[in-house]
Amino acid sequence: MNLKAVKKTGGIWILLMVIFLLIHFFYIIVQIKSDNRVIVDDALLVALFLYLNTRFFHLKLLNIKKLSLGELLRINSFPLVLYFFYIVAILQYLPLTNFANFLDSILLALSAAVFEEIFFRGLLINSFLANALQNYRSYLQAILFSSFLFGVTHMINLFGQSLSATLLQATNAFAIGMMLGAIYLRTGNLAWTILFHFMLDFTGILVSGTIITATPTSQKTVAVLIIDVLYIALGLLLSRKSQILKQRL
């Protein structure tokens, strides 16, 4: 793996971790525990990293490809199938929630989706590619490294949930990152990854009523890992060499 790309990209990620931990410890000191603090955090982090990108990184976050509707649907085929199940779950839980909880779920999911996609898919992938050789191996490494950091970042949730829940969440984040990284680089558009990320988080928050992941049962662990395999397989399928050479290199 290209050492320069790893250092540059890892440096941006470390900066996020330092800022995130400072914010977290500030909340501990002032004893703020509401889940809604995440909305403020993500909004501030979006503004900060977009400013840093304009001022220092100079990375192009959008490079929208001229793709037919059919090709866009093929690239997003698995997410489109999952949307059906998300919508079914949302419709089932709507009668069980009130407007305030519904709105909180939307804002929490949207803020997380926008920030994490801008940062992990937009900034980190493009930072890696900007500092690596422009070849197919670098393309795959960018997806793998950004997905790895996406997974590791979720380990910070150990502050509020069990080790087994956090490990499963981190594994799931890595797998999702593989798929979303491939979709982003195939389409050049963060809108597709933000939409999937939002639908996934919104459904989970609405159903569980919290952003905290409960300790998983063995059945849930197996189910999540099976889906993770599908995410990774789709990411690798979308990242096959013939498509990358045609669309990016």
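This is a predicted model: local features need pLDDT of at least 70, side-chain atom pairs count only at pLDDT 80 or more; totals for chains, interfaces and linings use all residues.
Helices here are DSSP runs of H or I with at least four residues, numbered from the N terminus, and S138 has its place in one of them, helix α6.

- Helix α6 covers residues 136-153, and its 18 residues reach 26 Å from the first C-alpha to the last, which is close to the 26 Å expected at 1.5 Å a residue.
- Of the 18 residues of α6, 13 are buried, so the helix is largely enclosed by the rest of the structure.
- S138 has a relative accessibility of 4%, and it therefore counts as buried, the cut-off for that class being under 20%.
- When residues up to four places away in sequence are left out, the residues that S138 touches are F128, L129, A132 and L133.

**Helix α7 and the residue after it**

- Helix α7 runs over residues 163-187, and its 25 residues should span 36 Å at 1.5 Å a residue; the end C-alpha atoms lie 35 Å apart, in agreement with that expectation.
- Most of α7 is covered, with 20 of its 25 residues buried.
- The residue that follows α7 is G188, and its phi is positive, with a value near 70°.

**D42 and A43 in helix α2**

- D42 belongs to helix α2, which comprises residues 37-57, and A43 is found in that helix as well.
- Setting aside residues up to four places away in sequence, D42 is in contact with S111, A112 and F115.
- With one of these residues, S111, the side chain of D42 makes a polar contact of 3.4 Å.
- D42 and A112 stand 70 residues apart along the chain, yet their C-alpha atoms are separated by 6.3 Å.
- For A43 and L200, which are 157 residues apart along the chain, the separation between the C-alpha atoms is 19 Å.

**The second largest pocket**

- The second largest pocket holds about 170 Å³ of space.
- Its lining is made up of D35, N36, L96, T97, N101, D104, S105, L108, I205, L206, G209 and T210.
- Sorted by class, the lining of this pocket contains six polar, four nonpolar and two charged residues.
- Two helices, α5 (99-130) and α8 (190-208), each supply at least two residues of this lining, and α5 gives the most, with four residues.

- H58 is placed in the loop between α2 and α3, the latter helix covering residues 69-75.
- The phi of H58 is near 55°, which is a positive value in a residue other than glycine.
- H58 has a relative accessibility of 57% and so counts as exposed, since that class begins over 50%.

Definitions and conventions:
Residues are numbered from 1 along each chain as its sequence is written. Side-chain values use heavy atoms; hydrogens and water are left out. Contact means heavy atoms within 4.5 Å. A polar contact is a pair of N or O atoms within 3.5 Å; within protein, one must be able to donate a hydrogen and the other to accept it, and residues adjacent in sequence count only if both atoms are side-chain atoms. On a 1 Å grid over the protein atoms alone, a cavity is a set of points where a 1.4 Å probe fits but cannot get out, and a pocket is an open set with protein on both sides within 12 Å along at least five of seven lines; lining residues have an atom within 4 Å of a point. Grid points are joined across faces, edges and corners, and a volume is the space filled by probe spheres set on the points. Ala, Val, Leu, Ile, Met, Phe, Trp, Tyr, Cys and Pro count as nonpolar, Asp, Glu, Lys and Arg as charged, and the others, Gly among them, as polar. The expected span of a helix is 1.5 Å times one less than its number of residues. Buried means under 20% relative accessible area, exposed over 50%, partly exposed in between (1.4 Å probe, protein chains only).
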